[in-house]
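I opened this notebook to keep track of a few helices and strands that I looked up one after another. The entries follow the order in which I went through them.

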Amino acid sequence: MIKKRIDIIEGNHEKPILIDATYVSNVENKPIIIFCHGYKGFKDWGAWNLMAKAFAEAGFYFIKFNFSHNGGTMEQPIDFPDLEAFGNNNYTKELDDLESVIDWVYNDSDFKDEIDTSNINLIGHSRAGGIVTIKADEDRRISKVISLAGVCDFKKRTATIGNLESWEKDGVKYVLNGRTKQQMPHYYQFYKDFVKNEARLTIKRAVSNLKIPYLIIHGNADTSISIEEAEKLYKWNPNSKLEIIEGANHVFGASHPWTQNDMPAHLVDAVNKIIRFIKN
């Protein structure tokens with residue numbers, strides 16, 4: 001029987017982190033997967049709940065969470081009611097949030113009979129592909145890491161949010177969310193935090209340093225993040241594995257809201273590739 005556990009944990013940045021865990025309750029120590037959503041994302045986006053169920057059925061303890069400053073709230077975790085939090089998000093906060101989740105997995109005794117803390121695997125979608133790779137390089141508790149339609153360069157994206165001179169002068173730049181039609185703010189602190197931590201936030205450095213198995217999955221019809229970024233990640237780590245899904249877009253055929261009972265075929269393909277990678 002599949003169970004779903006919901007928790008709220010305290011992070012390091014004054015806002016709580018909402019977590020859910022999906023698993024088959026059988027008192028067996030299961031490999032752990034921690035999934036990180038991407039930019040303008042959240043843990044319940046699209047078909048991610050169906051993905052959680054698929055991993056649980058395959059024998060994993062699957063955890064996903066909302067980054068503390070992703071723009072959601074505890075009361076409304078879907079979409080972006082808290083744009084002030086969104087504007088104050090940055091890469092180092094997301095790395096801290098992920099570390100808080102890993103610590104929670106290690107220290108919470110309520111589910112020790114269900115998990116194998118020696119087998120923690122990270123999946124990051126889109127922007128979080130970079131987050132999980134950096135964290136996997138930093139944290140020896142991680143067994144394997146998967147970049148799912150992930151980025152290869154934070155610097156390029158940080159600099160292109162807007163004209164740096166006007167961004168600094170105005171203190172904020174806005175990006176339109178095409179689905180919700182909200183103007184999403186990025187305060188200048190985002191850029192300052194990147195510059196301050198650029199060495200740590202260089203994905204190429206982290207990828208090149210990885211000593212654990214690393215899987216890169218990308219669709220060749222991804223118009224949000226070019227497949228060339230996946231090819232760069234693969235080039236930087238000769239021990240990595242690159243899986244190209246023919247015809248897959250950035251979200252592997254899913255959309256939000258996702259009202260169907262099954263995952264789209266491209267996401268099924270991605271999930272199956274991840275299952276084989278972790279189990280092997």
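I began at strand β6, where L148 has H125 standing opposite. The strands β5 (115–125) and β6 (142–148) run parallel and are joined by six bridges; two strands count as paired if DSSP finds at least two bridges between them. Helices (H or I, at least four residues) and strands (E, at least two) are DSSP runs, numbered from the N terminus. I noted that the model is predicted, so that local features need pLDDT of at least 70 and side-chain atom pairs count only at pLDDT 80 or more, while totals for chains, interfaces and linings use all residues. Residues are numbered from 1 along each chain as its sequence is written, and side-chain values use heavy atoms, with hydrogens and water left out.

I then asked how many of the seven residues of β6 are buried. Six of them are, so β6 is largely enclosed by the rest of the structure. Buried means under 20% relative accessible area, exposed means over 50%, and partly exposed lies in between, with a 1.4 Å probe and protein chains only.

Next I turned to strand β4 (residues 61–65), where five of the five residues are buried. In a regular strand the side chains alternate between the two faces of the sheet. Strand β2 (residues 16–24) runs antiparallel to β4 and is joined to it by four bridges, with T22 as the bridge partner of F62. β3 pairs with β4 in the parallel sense over five bridges, and there I33 stands opposite F62.

My last entry concerns helix α10 (residues 265–279), whose 15 residues should span 21 Å at 1.5 Å a residue, which agrees with the 21 Å between its end C-alpha atoms; the expected span is 1.5 Å times one less than the number of residues. The buried residues of α10 include L267, V271, I274 and I275.

Which residues of α1 meet α10? I listed W48, M51, A54 and F55, which meet L267, V271, I274 and I275, where contact means heavy atoms within 4.5 Å.
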